[in-house]
Amino acid sequence: MKLRALSVLAGAAVLALGLAGCSGAAEATGTDADSAQAGSGFAVDENTLVFGVVPDSVDTETNYQPLMDYIAEITGKTVEYHESTDYAALIEAAVAGKVDVASFSGFTYVTATNNGAKLTPISSIVTEEGQEPGYYSQAIVPADSDISSIEDFSGKKVCFVDPSSTSGYLFPSYNLLEAGIDPKTDITPVFAGKHDVSVQKVGEGVECEVGFAEDSEVEKSDAVKVIDETMVPGAPLVYSSTLPDDVSQKLIDGLGEITIDDIIAAGIDGADTDSFRSVFYATKPVDDAYYDLIRDICTETEAEQCQA
């Protein structure tokens, strides 16, 4: 297994993260400039915050319930879970102003803002102590497969997650192109819809001979093995730039840099559980510039989802 560094492009992301840590999530850059026009727009009403999450596993709502309860605690609002059938539906909801707070993937955030969604990044979730924002897009094959490199994916049935998934489509497409494989013509793409389903289908080796998924889901399976991986920018927690300033500030203060211990100390039921710990340890501040790496890869791959 080898780690793809994305050399020059990755360097831009590291620089952006350093700037994010110094300037804080509240400073506007790029699409964040819209936050200066923050108003009083709620998705539902002034007593409610709608929380959207990328639907990347079957346990998404359950895993994020403690975070939603914590958001309710720090804002004094009722927090409602927004059920999205897929990434595109969540993007559409964000563009339509139907989401107040969300946990996006980086690619979903870039796609949504490219299409007019008024969103401001606050922070990125990390799942282990000492970790920096970011996670791995992993290339996987069945555990008993002889395939040992992405170059061998040519001509195969390849499982992706969703056309708007950062680690389940955008970065895999970039890596395939780097290996001399056109993801539009040289393979048979299969969109599994969720990361865990992509892992499952690759493990079964019927619908998909090989595929891609994020590391947190891959590590749960003994039916697949990793033959390559790439670090991708951490998924952002975002808020709607149309929220009133006082609500926005509570979200920035409450979600900018917290740990699971802070959430447990706030008396949130379900925070001290394995299911929540599997998706949350702490948050680290990020800003819009942190996602320039994704914009660069959008250019390299000419991904249609990047376009407004």
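View 1. Helices (H or I, at least four residues) and strands (E, at least two) are DSSP runs, counted from the N terminus, and two strands are called paired if DSSP finds at least two bridges between them. A word on the model before we move on: it is predicted, so local features need pLDDT of at least 70 and side-chain atom pairs count only at pLDDT 80 or more, while totals for chains, interfaces and linings use all residues. Residues are numbered from 1 along each chain as its sequence is written, and side-chain values use heavy atoms, with hydrogens and water left out.

View 2. Tyr81 has its place in strand 3. Is Tyr81 buried or exposed? Its relative accessibility is 19%, so Tyr81 counts as buried (buried is under 20% relative accessible area, exposed over 50%, partly exposed in between, with a 1.4 Å probe and protein chains only). Tyr81 also lies 6.0 Å from Val50, C-alpha to C-alpha, although 31 residues separate the two in sequence.

View 3. Strand 11 (residues 236-240) is mostly covered, with 5 of its 5 residues buried. Pro236, Val238 and Ser240 point one way, Leu237 and Tyr239 the other. Strand 4 (residues 101-103) pairs with strand 11 in the antiparallel sense over 3 bridges, and here Ser103 has Leu237 as its bridge partner. Strand 5 is also antiparallel to strand 11, through 5 bridges, with Pro121 opposite Val238.

**View 4. Strand 9 and its two partners.** Strand 9 (residues 210-214) has 5 of its 5 residues buried. Val210, Phe212 and Glu214 lie on one side, Gly211 and Ala213 on the other, and both faces are covered.

**View 5. The largest pocket.** Glu214 turns up again here. The largest pocket holds about 770 Å³ of space, and 35 residues line it, with Thr127, Glu214, Ser216, Ser278 and Val279 closest to its centre. On a 1 Å grid over the protein atoms alone, a pocket is an open set of points with protein on both sides within 12 Å along at least five of seven lines, unlike a cavity, where a 1.4 Å probe fits but cannot get out; lining residues have an atom within 4 Å of a point. Grid points are joined across faces, edges and corners, and the volume is the space filled by probe spheres set on them. By type, the lining has 12 nonpolar, 14 polar and 9 charged residues (Ala, Val, Leu, Ile, Met, Phe, Trp, Tyr, Cys and Pro are nonpolar, Asp, Glu, Lys and Arg charged, and the others, Gly among them, polar).

View 6. The largest nonpolar core has 31 residues, and Phe104, Leu119, Leu170 and Ile294 have the most contacts inside it. Helix 3 (87-95), helix 4 (106-114), helix 5 (166-178) and helix 11 (292-301) each supply at least two of its residues. Helix 3 gives the largest share, 5 residues. Another core, of 29 residues, lies apart from it and includes Leu67, Ile125, Leu243 and Phe276. Such a core is a set of buried Ala, Val, Leu, Ile, Met, Phe, Trp, Tyr and Cys residues joined through side-chain atoms within 4.5 Å.

**View 7. Positive phi at Glu302.** Glu302 lies in the segment after helix 11. Its phi is near 55°, a positive value in a residue other than glycine. Glu302 is exposed, with a relative accessible area of 61%.
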